[in-house]
Amino acid sequence: LYGVELHGLCVQSNHLHEISTDTKGNHPNYRRAKNSLIARAMNQELRRKGSFWEPTDRETAVLGDEDGVVDAYAYSLANPVKDGRVKYGYQWPGLRSKFSDIGQKIVIKRPKGRFFSDESELPEEVTMNLTLPPALRHLPFDEAIARLQEATADKETTYRREHQKAGRSFVGRRAVRQQNRFEAPKSRTPFRKLNPRIKCKD
C-alpha cells in the first residue's frame, strides 16, 4: 500500500525503533497511518485520551551507506540493553524482530481487545515480510545476516560494559513486565544535542 519495506524493529516501553526502506517516496503517509493506528489502539487499551506521541520529528533519519545501515540496525535491536532494561536483547519481552524472521512471511492475527473488536473493519490477519536492507543485498544472504548479528552482539557487549563500569544493574525481563504502564521517566530529555537526519560511518 505505502511501498515501505520493513527490515527490523524493536518496540520499547515508550518509543520504537524501525529500520525500513521507502520505495515510493511515501514514508510520511505511512508513518502518519502507522502512528495514528498505534495511538488509537493504545489509548483505547489504556483508557486514556489525548496525544500519544511526542510532537516532534526525531524518529526519522536517512541511512547513508552500508556501515551506517548495519550500525543503525544493531543500535535498534540492542536498545533494550543500552537502556538498562535487559542484559541481552533476546530477553526483551516486547516486540523485537529476530534475525531468523528476515526473508520469512510472518502471519499476524488481529489481537483481541477493546480497540480490535469483532466488529472491527481491520483484517483478521496480515502478513509481515521482513527483508534485508538494500545496502546488504550484494552480499550472500547468510553473510549479510551474520554481519547484522555480529554488529548487534558487539553493541550489546559494549553497553553491558558501560553499565558495569557505571555500577548500574539491569531491570530484568520479569521486572519490566511488572512495571506500571502509567509511570514516566523523572529525568528530562537533554536539549541542544545533535539530532542527525543522515547517518553513515563514512
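**Before selecting anything**

Residues are numbered from 1 along each chain as its sequence is written, and side-chain values use heavy atoms, with hydrogens and water left out. Because the model is predicted, local features need pLDDT of at least 70 and side-chain atom pairs count only at pLDDT 80 or more, whereas totals for chains, interfaces and linings use all residues.

**The whole chain**

Begin with the protein chain coloured by secondary structure, which comes to five helices and six strands; here helices (H or I, at least four residues) and strands (E, at least two) are DSSP runs, numbered from the N terminus. Followed from the N terminus, the elements run β-β-α-β-α-α-β-β-α-α-β. Of the 202 residues in the chain, 29% are buried, where buried means under 20% relative accessible area, exposed means over 50%, and partly exposed lies in between, with a 1.4 Å probe and protein chains only. Among contacts (heavy atoms within 4.5 Å) between residues at least 6 apart in sequence, 65% join residues at least 24 apart.

**The largest nonpolar core**

Next, select Y73, F99, I102, L132, L136 and L148, which touch the most other members of the largest nonpolar core, a group of 18 residues. A nonpolar core is a set of buried Ala, Val, Leu, Ile, Met, Phe, Trp, Tyr and Cys residues joined through side-chain atoms within 4.5 Å. The elements that give two or more residues to this core are helix 2 (66–77) and helix 4 (141–166). In soluble globular proteins, nonpolar side chains tend to be buried together.

Stay with F99 and show its surroundings: leaving aside neighbours within four places in sequence, F99 is in contact with Y73, L77, I145, L148, Q149 and T152. From there, move to I145, which is found in helix 4 and is buried, with a relative accessible area of 10%. Not counting residues up to four places away in sequence, I145 touches F99, I102 and L132. A distance drawn between the C-alpha atoms of I145 and L132, which are 13 residues apart along the chain, comes to 8.2 Å.

**Helix 2 against helix 4**

Now hide everything but helix 2 and helix 4, whose axes come within 8 Å and cross at roughly 55°; the axes are lines fitted to C-alpha atoms, for helices over the stretch in contact, and angles run from 0 to 180 degrees between N-to-C directions. The two helices are therefore oblique to each other, since angles under 35 degrees count as roughly parallel, over 145 as roughly antiparallel, 65 to 115 as roughly perpendicular and the rest as oblique. To see the contact itself, select E66, D67, V70, D71, Y73, A74, Y75 and L77 of helix 2 together with R147, L148, A151, T152, K155, E156 and Y159 of helix 4. By class, this contact has eight nonpolar, one polar and six charged residues, with Ala, Val, Leu, Ile, Met, Phe, Trp, Tyr, Cys and Pro counted as nonpolar, Asp, Glu, Lys and Arg as charged, and the others, Gly among them, as polar.

**Stops in the loops**

Select Q12, in the loop between strand 1 (4–11) and strand 2 (16–22). Q12 counts as buried, at 8% relative accessibility, and, leaving aside neighbours within four places in sequence, is in contact with N79, P80, D83, R85 and W92.

R47 lies in the loop between helix 1 (27–46) and strand 3 (62–63), and it is exposed, with a relative accessible area of 65%. Its phi is near 55°, a positive value in a residue other than glycine.

Go on to Q104, placed in the loop between helix 3 (79–82) and strand 4 (105–109) and partly exposed, at 46% relative accessibility. Not counting residues up to four places away in sequence, Q104 touches M128, N129 and L130; Q104 and L130 are 26 residues apart in sequence and 6.5 Å apart in space, C-alpha to C-alpha.

Finish at F170, in the loop between helix 4 and helix 5 (173–178), which counts as partly exposed at 22% relative accessibility. With residues up to four places away in sequence not counted, F170 touches V81, G84, R85, V86, K87, R160 and H163. The C-alpha atoms of F170 and G84 are separated by 4.9 Å, and these residues are 86 apart along the chain.
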